[in-house]
Amino acid sequence: MEKQIKVPDSDKAINLQGVVAIASFQEQVTILSTKTKPKKLGILGSDGEKYTHLLKGRKDLHPDAKIMQLLPAINGFLHSSSTVGNNSLSIRFYSITSIRGRASLIQGVDNVVSIYSVFKSWQASAH
């Protein structure tokens, strides 16, 4: 069965086949020890896969989202450049979904360390 949704005030329908929807949220939420204290959410997709996202409040991330839209083009340039292309250099980007300008849902990136936590470790070791 094909899933479709009708766009309001339009005769057009959008095909949702292959689109992953949110099936459920994990019960546990982790508050990260960074400056803005984002919440780490576990989301189960309709495809059975687990997705990690960060929920950040009190900051409009529209500018960040615009930069994320530009990064695939920069990666294309890096891969096509004869001086850089052979080095497998690319920029990791992620999705940012603004929620009414008051919060943002950011695609989780695994195995990273925030600059803030590096700074806090350095600061603690200096004392």
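**Briefing: a surface charge patch and its strand neighbours**

Arginine 58 is exposed, with a relative accessible area of 82%. The bands are: buried under 20% relative accessible area, exposed over 50%, partly exposed in between (1.4 Å probe, protein chains only). This is a predicted model, so local features need pLDDT of at least 70, side-chain atom pairs count only at pLDDT 80 or more, and totals for chains, interfaces and linings use all residues. Numbering starts from 1 along each chain as its sequence is written, and side-chain values use heavy atoms, with hydrogens and water left out.

**Overall build**

- The protein has 2 helices and 8 strands. Both terms refer to DSSP runs numbered from the N terminus: helices are H or I with at least four residues, strands are E with at least two.
- From the N terminus on, the order of elements is β-β-β-β-β-β-α-β-β-α.
- Of the 127 residues in the protein, 17% are buried.
- The accessible surface comes to about 10,300 Å², and carbon and sulfur atoms hold 56% of that surface. Areas come from the Shrake-Rupley method with a 1.4 Å probe; for residues, only the protein chains shown count as cover.
- Among contacts with a separation of 6 or more, residues 24 or more positions apart account for 32%. A contact means heavy atoms within 4.5 Å.

**The positive patch**

- Lys37, Lys39, Arg58 and Lys120 form a patch of positive charge on the surface.
- Patch members have over 30% relative accessible area and no salt bridge; like charges are joined within 9 Å, and nonpolar side chains (Val, Leu, Ile, Met, Phe, Trp, Tyr) within 5 Å.
- A salt bridge is a side-chain nitrogen of Lys or Arg within 4 Å of a carboxyl oxygen of Asp or Glu.
- Lys and Arg count as positive, Asp and Glu as negative; His and the chain ends are not counted.
- Each charge is placed at NZ of Lys, CZ of Arg, CG of Asp or CD of Glu.
- Arginine 58 sits in the loop between β6 (50-57) and α1 (62-80).
- Lysine 120 belongs to helix α2 (residues 115-126). Lysine 120 is partly exposed because its relative accessible area is 37%.
- Lysine 120 and threonine 34 are 86 residues apart along the chain, with their C-alpha atoms separated by 9.1 Å.

- Leucine 55 lies in strand β6. With a relative accessible area of 29%, leucine 55 is partly exposed.
- Not counting residues up to four places away in sequence, leucine 55 touches Pro38, Lys39, Leu41, Ile99, Ala103, Ser104 and Leu105.
- The C-alpha atoms of leucine 55 and glutamine 107 are separated by 9.1 Å, although the two residues are 52 residues apart along the chain.
- Threonine 52 is also in strand β6. Its relative accessible area is 18%, so threonine 52 counts as buried.
- Beyond residues up to four places away in sequence, threonine 52 touches Lys40, Leu41, Ile106, Gln107 and Gly108.

**Strand β8: serine 104**

- Serine 104 lies in strand β8 (residues 103-107). Its relative accessibility is 0%, so serine 104 counts as buried.
- Leaving out residues up to four places away in sequence, the contacts of serine 104 include Leu54, Leu55, Lys56, Lys59 and Leu61. Serine 104 also touches Ile96, Thr97, Ser98 and Ile99.

**Strand β3: alanine 23**

- Alanine 23 is in strand β3 (residues 22-25).
- Alanine 23 touches Leu44, Gly45 and Ser46, not counting residues up to four places away in sequence.
- Aspartate 47 is 24 residues from alanine 23 along the chain, and their C-alpha atoms are separated by 8.5 Å.
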